[in-house]
Amino acid sequence: MLCRVWSGCSLVAGVKMGNWRPQWRPLRRDGGWRGAAAVRLLLLWCCIVCSASTKNFPGSSSIPKSSLAVQLRLHDPGQVVIDNGLFQLTLSVPGGDVIGIRYNGINNLLEGLNEENNRGYWDVVWNWPGEPIKYDRIQGTTSRIVTQNEDQIEISFVRKWSKLSNETVVPLNIDKRYIVRRGRSGFYAYGIFERPEGLQDIEMDQVRIVYRLQNKKFHFMALSDDRQRVMPMPEDRVTGQPLAYPEAVLLTDPINPELRGEVDDKYQYSCENQDNRVHGWICSDPPVGFWLITPSNEFRTAGPVKQDLTSHVGPITLSMFVSTHYAGKEVGMKFRGGEPWKKVFGPVLVYLNSVPPEEDTSSLWQNAKRQMYMESKTWPYNFVESEDFLSSKERGMVVGQLLVRDRFINKRSLWGEFAYLGLASPGEVGSWQRENKGYQFWCRADRKGNFVINNIRAGEYNLYGWVPGIIGDYKYQGNVTILPGSAINLGTLVYEPLRHGPTIWEIGVPDRTASEFYVPQPYPTLMNNLYTNSKQYRFRQYGLWERYADLYPRSDLVFHVGVDDYRKDWFFAHVTRNVYNYTFKATTWQIVFELKTVRDADYVLQLALASVTESDLQVRFNDPRIEPPHFATGRIGQDNAIARHGIHGLYWLYSIPVPSSRLRRGSNRIFLTQALAINPYQGVMYDYIRLEGPPGL
């Protein structure tokens with residue numbers, strides 16, 4: 001019995017079985033097949049027939065243990081099964097959905113009650129400019145086997161866009177791929193998204209993979225060492241009480257009575273990209289773990305601190321590649337003028353593990369973490385067959401050291417201690433946090449500011465960075481060109497942050513979050529018990545924006561410099577005030593400070609914002625009624641971090657000149673007004689505020 005696969009050829013293959021030799025018809029130029037829809041299955045049959053066995057389909061009673069070689073089998077019409085002796089993966093053909101995962105005695109880890117295209121799938125949210133969004137669940141129209149041997153099978157499901165495509169189909173060519181390897185308890189998934197030159201303008205806000213697990217089996221979710229819990233059932237959200245913000249539900253009659261009175265909201269389980277490396281679910285009977293491992297962040301958008309969804313009630317596990325969460329349309333992809341584009345998302349690993357019934361299931365999480373570290377160390381993978389996924393030989397590295405020079409902190413240069421350094425597409429200072437079409441490569445410097453960025457795809461980049469404890473963004477003055485195998489030493493780099501003069505006073509810590517400010521306890525009736533005793537994650541609780549009016553029922557926040565403590569006396573979010581019957585008004589905070597003298601020279605207010613949602617922040621000095629205000633941001637921000645329990649969104653920095661005529665000797669007041677007030681979720685989170693005197697002060 002012979003089998004041969006021709007990758008990328010117009011004639012797929014011939015299969016020789018005795019005297020029978022079917023003659024395949026060639027592929028059309030549009031990628032489809034001639035003939036009836038059933039003929040599409042012949043695309044895979046040439047390889048499947050070599051290993052097909054009518055006695056060992058996924059419905060059989062056991063997974064073969066005699067050999068760990070990877071095998072491909074035909075199952076029902078429209079399905080193919082890949083089996084490596086550890087688990088069985090069932091895919092739809094030619095759609096390329098994951099419709100079955102058989103492992104450790106569980107016939108299907110995915111929810112079998114769902115339709116086959118609603119278990120494991122890719123989807124895209126997109127729109128024509130100025131028009132409503134469209135939802136596209138990616139279905140392949142052709143499929144082929146890229147690699148097939150005893151050690152590995154890689155299979156491809158392609159959909160090419162044409163003008164005859166359905167109106168919900170995003171105008172891109174998409175190649176979904178799955179890899180099963182010998183000895184690996186799990187499978188890899190990645191996608192190649194391509195926009196040929198000359199296509200119409202579009203906007204694309206979300207690209208992700210979704211896995212919907214069997215809800216009778218998976219009840220325990222783990223995101224990190226300190227974020228693990230028993231989760232509600234999907235039915236609990238249906239019977240619960242919807243809260244003011246749409247995604248949030250109060251559990252009033254949950255199946256598990258211990259969860260009664262808690263709030264469930266998928267955004268309470270969000271995570272920064274840099275920490276979003278492994279998450280998933282645990283089944284207790286039998287003890288099985290289902291994990292989504294992301295070995296690299298290079299294909300995610302908007303940098304290392306961009307927040308996104310992980311796992312949530314369903315049970316659902318997500319691999320988020322592109323989204324506007326915690327940032328808004330500013331980080332959504334916009335394609336204009338027929339520009340071409342191509343990007344590889346992934347591979348990510350769906351990892352499966354198990355322990356004997358008598359063992360503690362917590363070891364599943366520890367094992368998943370070890371697997372994540374192993375996957376990260378072997379990145380970039382050497383087994384991915386696509387030429388668009390660059391191997392380590394086709395990549396380069398950059399090393400250097402970052403110092404900080406701020407003579408008002410220290411006359412000597414300081415080490416860029418634990419700085420973030422990253423390569424991203426060329427742009428303006430700080431543009432990396434809105435960049436979305438290219439790849440990004442980040443690292444953390446050591447205590448002395450030394451950094452090494454490895455495995456950088458060949459291309460043209462800018463080097464960006466910032467230092468915790470220092471305001472602003474760093475950008476290297478020239479482009480960085482990465483060639484295959486290159487190792488670039490940038491030497492010692494110096495970041496000179498924005499600075500006008502000496503610090504008169506400061507509020508907060510310049511770390512791009514509002515976490516150092518006062519985050520109140522939630523209402524006892526609106527709690528998520530995962531965070532009850534966690535000060536670190538208290539901001540993930542629901543409804544904290546409403547606590548502002550409880551703490552300041554009659555007048556707004558007034559902060560006295562040198563007297564008050566920002567950790568206790570500065571509310572974490574500058575929000576609107578509900579006057580009555582869901583009617584809101586603007587709020588004005590005050591900073592009160594003393595000046596012994598005022599020089600006849602300019603001062604500067606450094607104003608760093610950690611998050612902005614549909615706000616116009618106005619700044620006035622010693623005159624709360626002056627119009628126009630001395631400074632205003634204008635309407636900015638769409639990150640929605642207040643409502644979605646994030647302690648930061650996009651970073652904004654304003655350096656506001658303050659003529660000495662606006663200040664006075666003795667008591668001074670700065671009035672901060674968030675002027676837009678339509679709903680309770682509007683507002684800003686401050687990162688850091690600093691008043692600087694004239695340079696010679």
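Student: Is Lys-369 buried or exposed?
Tutor: Lys-369 is buried (under 20% relative accessible area; exposed is over 50%, partly exposed in between, with a 1.4 Å probe and protein chains only), its relative accessible area being 16%. This is a predicted model, where local features need pLDDT of at least 70, side-chain atom pairs count only at pLDDT 80 or more, and totals for chains, interfaces and linings use all residues. Residues are numbered from 1 along each chain as its sequence is written, and side-chain values use heavy atoms, with hydrogens and water left out.

Student: Which residue does Lys-369 form a salt bridge with?
Tutor: Asp-225, with the closest N and O atoms 2.9 Å apart. A salt bridge here is a side-chain nitrogen of Lys or Arg within 4 Å of a carboxyl oxygen of Asp or Glu.

Student: New topic. How many salt bridges does the structure hold?
Tutor: The structure holds 33. One of them pairs Lys-176 with Asp-97, closest N and O atoms 3.7 Å apart. Lys-176 sits in strand β9 (173–181) and Asp-97 in the loop between β3 (87–92) and β4 (98–103), 79 residues apart. Both residues are buried.

Student: What about Asp-175 and Arg-177?
Tutor: Their side chains meet in a salt bridge at 3.0 Å, N to O. Asp-175 and Arg-177 are buried.

Notes. Helices (H or I, at least four residues) and strands (E, at least two) are DSSP runs, numbered from the N terminus.
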